[in-house]
Amino acid sequence: MYGWQPMTQKSKTGFDLCYQNIPTVFTSPSVTLHFEGADFVLHKPTLFQAFEHHNEFCMTILSMDQSDGLNILGAAQQVNYRFLFDVAALRLSFSPENC
């Protein structure tokens, strides 16, 4: 949509997907994570962050260095959601919540 190319060198921020230069206008894409029996719709303002001191614009979801396709969702993506971890049943539940 914007014709941007991801940075080829490692970002100074530690994020995997970054772009050089911070946009003045940006419309975040819709991102939905699909789980068994549930979809987690990420809030658009939590997907990207500008790092002005590095002049980088990065997606704020980290991939893990494993071949199993795991990703790390941080506190930013969890804002306005309630997460319940049932360790015994090996289940994760979530629901929208204004907090």
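Two strands pair if DSSP finds at least two bridges between them. Helices (H or I, at least four residues) and strands (E, at least two) are DSSP runs, numbered from the N terminus. This is a predicted model: local features need pLDDT of at least 70, side-chain atom pairs count only at pLDDT 80 or more, and totals for chains, interfaces and linings use all residues. Residues are numbered from 1 along each chain as its sequence is written, and side-chain values use heavy atoms, with hydrogens and water left out.

**Overall layout**

- The protein has 1 helix and 9 strands.
- From the N terminus on, the order of elements is β-β-β-β-β-β-β-α-β-β.
- The C-alpha trace spans about 45 × 30 × 25 Å along its principal axes.
- Of the 99 residues, 23% count as buried. Buried means under 20% relative accessible area, exposed means over 50%, and partly exposed lies in between (1.4 Å probe, protein chains only).

- Strand β4 (residues 48-51) pairs with β5 in the antiparallel sense, over 4 bridges.
- Gln49 has Cys58 in β5 as its bridge partner.
- The hairpin of β4 and β5 has 4 residues between the strands.
- Asn55 lies in the loop between β4 and β5. Its phi is positive, near 55°, in a residue other than glycine.
- Asn55 counts as partly exposed because its relative accessibility is 33%.

- Most residues other than glycine have a negative phi.
- Leu90 is not a glycine, yet it has a positive phi of about 55°.
- Leu90 sits in the loop between β8 and β9. It is exposed, with a relative accessible area of 78%.

**Aromatic pairs**

- Rings of Phe, Tyr and Trp (its six-membered ring) pair if their centres lie within 6.5 Å; planes under 30 degrees apart count as stacked, over 60 as edge-to-face and the rest as tilted.
- By this rule the count comes to 16 aromatic pairs.
- One of them joins Phe26 and Phe57: the ring centres are 4.8 Å apart and the planes stand at 80°, so the pair is edge-to-face.
- Phe26 lies in the loop between β1 (18-20) and β2 (32-35), and Phe57 lies in strand β5 (residues 56-59), so the pair ties together parts that are 31 residues apart in sequence.
- Phe26 is partly exposed, at 27% relative accessible area. Phe57 counts as buried, at 7%.
- Ring pairs link Tyr2, Trp4, Tyr19, Phe26, Phe48 and Phe57 into a cluster.

**Salt bridge**

- Side chains of opposite charge can pair when their charged atoms come close.
- A salt bridge is a side-chain nitrogen of Lys or Arg within 4 Å of a carboxyl oxygen of Asp or Glu. By this rule the count comes to 1 salt bridge.
- Glu97 forms a salt bridge with Arg82, with the closest N and O atoms 2.8 Å apart.
- Glu97 lies in the segment after β9 (91-96) and Arg82 in strand β8, so the pair ties together parts that are 15 residues apart in sequence.
- Glu97 counts as partly exposed at 28% relative accessibility. Arg82 also counts as partly exposed, at 42%.

**Side-chain to backbone contacts**

- A polar contact is a pair of N or O atoms within 3.5 Å; within protein, one must be able to donate a hydrogen and the other to accept it, and residues adjacent in sequence count only if both atoms are side-chain atoms.
- Thr60 lies in the loop between β5 and β6 (62-63). Its side chain reaches the backbone oxygen of Thr46 at 2.6 Å.
- Thr60 is buried, with a relative accessible area of 11%.
- Ser28 is placed in the loop between β1 and β2. Its side chain reaches the backbone oxygen of Lys44 at 3.4 Å.
- Ser28 is buried, with a relative accessible area of 10%.

**Nonpolar surface patch**

- Patches are made of residues with over 30% relative accessible area and no salt bridge: like charges are joined within 9 Å, nonpolar side chains (Val, Leu, Ile, Met, Phe, Trp, Tyr) within 5 Å.
- Phe85, Val87 and Leu92 form a nonpolar patch on the surface, with about 340 Å² of accessible area together. Accessible areas come from the Shrake-Rupley method with a 1.4 Å probe; for residues, only the protein chains shown count as cover.
- Phe85 is in strand β8 (residues 81-86). Phe85 counts as exposed, at 61% relative accessibility.
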